[in-house]
Amino acid sequence: MIRKNKKIKVGILGATGMVGQRLIALLKNHPWFEVVAVAASRKSKGKKLGSLTVYSVEDDIEIIAQKCTLVFSAIEAPKDFIQKIEEAYAKKGLPVVSSNSAHRWTPDVPMIMPEINPEHLDIIPVQQKNRGWTGFIVTKPNCSIQSYVPLIHAWKKFNPKKVIVSTYQAISGAGKTFETWPEMVDNVIPFISGEEEKSEKEPSKIFGDIRNGRFVLKNTPQISANCIRVPVSDGHLATINIQFRKKVSKEKLIKSLKNFKNPLDVLDLPSAPKPFLTYFEEPDRPQTKLDRDLHAGMGISVGRIREDSVLGWKCVALSHNTIRGAAGGSILNAELLVKKGYIKK
Ligand SMILES: NC(=O)c1ccc[n+]([C@@H]2O[C@H](COP(=O)([O-])OP(=O)(O)OC[C@H]3O[C@@H](n4cnc5c(N)ncnc54)[C@H](OP(=O)(O)O)[C@@H]3O)[C@@H](O)[C@H]2O)c1
C-alpha cells in the first residue's frame, strides 16, 4: 500500500489523445500513481487538461524528467519519431511504459502482457547495459491480440498448431469516434493498415524465451489473421478457429480457462482483473457492448467454444481495446514493474 503523499509521480506523453485521455481517467484515483505532467505535440503546448498545463513531448523533456518518476507513452506519430522520443526519456533515467508499437520489435525491449510473460522483464538490465541508460522502455502488444493470445496461452498444454483469427475492431482503436469518423456509421471497412501483420507476428515474441540476453521467437502456433473495422465505439471482438496436436474436449478447454494459473494472483496489483478469463455459457455472449467493461475493462471474455469441422475447435473472445488493449494494459505493466522493483516507490 502506497500512502497518498508517497504516490509515484507519472507523466503522460500523448495526453490529449484517445489512449492518453483513458490513462488520465484510469489514473485519477490510482492508489500508487499520481499524474503530475501531461504532454502532447507542439500545437497543444500551453493548453489546459484539468489543472495541468500541456507540455511539448519534444521540447520539455528536461522539465518532465525532473517532475516524474516514470512516463506513459501514447503518441500517434511516425515510428522513428516515437522511437527517438521514447529513447530520449529512457536516456534521462525514466522508465517509459509504452502503448505504442514503435519499439515492440526492438531486440532488447520487452512486449509484456503481465498475465502471460512477466518474466520477460528480465531483459531490462540487458537493455540498460546495452544502451548505458538508467531508464528503460517496456511495451505492450497490439490491442487486436489481447483477446486470443490469453486463450492460446491457457491452452498451450494441448499444443496449439494452427490458428485462424478474425477480429471485429472498434473505431476507438483508430483514435476515432463516430463524430470524427462519420463514414463508419452503418459501415464495415475490411482493412486496418498493418493490423493483420501485428496480429500474426506479435504472439511469437510474447510466447518466446530470453536466451543469452536476447529474445528467441516461438513461431508455433502458426496464426492467420483478418482484421476488420466495425461500427462500435469500444471493444475488439474476435472469432478464433484453432487446431491442437493433442486430443481435447469442450469440458477440458473450459476447465483450462477457469483454472488458469495467473502469475499475478499472488502480486495484488490494483488493476489486475480477477479472474483474468471469464467463460460465458450463454450462446450469444460475449457481446461487445454488454461485456467489454468486464472487470473495469481489464477482463477477457470467452464464449461459444464448439467443434469446428476444419481446424477442430472454434470460439469467440472479447477485450476492451483502449483499456486492456492500451491504457489499462500499460498501467498494469507499470504496476508489475513497481512490484518487481524496477520502479522505485
Ligand atoms: N486507440 C487504441 O485502441 C490503441 C490501442 C493500442 C495502442 N494504441 C497506440 O497508442 C498510441 C496513441 O493512440 P491514440 O488512439 O490515443 O491516438 P490519438 O487519439 O490520435 O492521439 C495521439 C496523441 O499523440 C500526440 N501526438 C501526435 N503527434 C505528435 C508529435 N509529433 N509529438 C508529440 N505528440 C504527438 C497527439 O497530440 P496532439 O493532440 O497535440 O496532436 C495526441 O496526444 C498509438 O501509437 C496507437 O497505435 C492505440
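Start by selecting the boundary between the two domains, where 28 residues of domain 1 are in contact with 27 residues of domain 2, contact meaning that the C-beta atoms of two residues, placed from the backbone, lie within 7 Å. On the domain 1 side of this boundary, helix H10 (residues 323-339) gives the largest share, 6 residues, and by class that side has 15 nonpolar, 7 polar and 6 charged residues. Here Ala, Val, Leu, Ile, Met, Phe, Trp, Tyr, Cys and Pro count as nonpolar, Asp, Glu, Lys and Arg as charged, and the others, Gly among them, as polar.

This is a predicted model, in which local features need pLDDT of at least 70 and side-chain atom pairs count only at pLDDT 80 or more, while totals for chains, interfaces and linings use all residues. Residues are numbered from 1 along each chain as its sequence is written.

To colour the two parts, take 4-142 + 327-339 as domain 1 and 144-320 as domain 2, bounds that come from an automatic or database domain assignment. The centres of the two domains, taken over C-alpha atoms, are separated by 25 Å.

Next, show the ligand and the 28 residues around it, of which Gly 17, Ala 40, Ser 41, Ser 44 and Gly 175 come nearest; a residue is near if its C-beta atom, placed from the backbone, lies within 6 Å of the molecule. The elements that give two or more residues to this shell are helix H1 (18-27) and H10, and H1 supplies the largest share, 3 residues. By class the shell has 10 nonpolar, 15 polar and 3 charged residues. Because domain 1 and domain 2 both give residues to the shell, the ligand lies between them.

Now move to strand E2 (residues 33-40), which is largely enclosed by the rest of the structure, because 6 of its 8 residues are buried. A residue is buried if 20 or more other C-beta atoms, placed from the backbone, lie within 10 Å of its own, exposed if 12 or fewer, and partly exposed in between. Strand E1 (residues 8-13) pairs with E2 in the parallel sense over 6 bridges, pairing being assigned if DSSP finds at least two bridges.

Finally, select Glu 119, placed in the loop between strand E6 (95-98) and helix H4 (124-131). Glu 119 is partly exposed, because 13 other C-beta atoms lie within 10 Å.

Notes
Helices (H or I, at least four residues) and strands (E, at least two) are DSSP runs, numbered from the N terminus.
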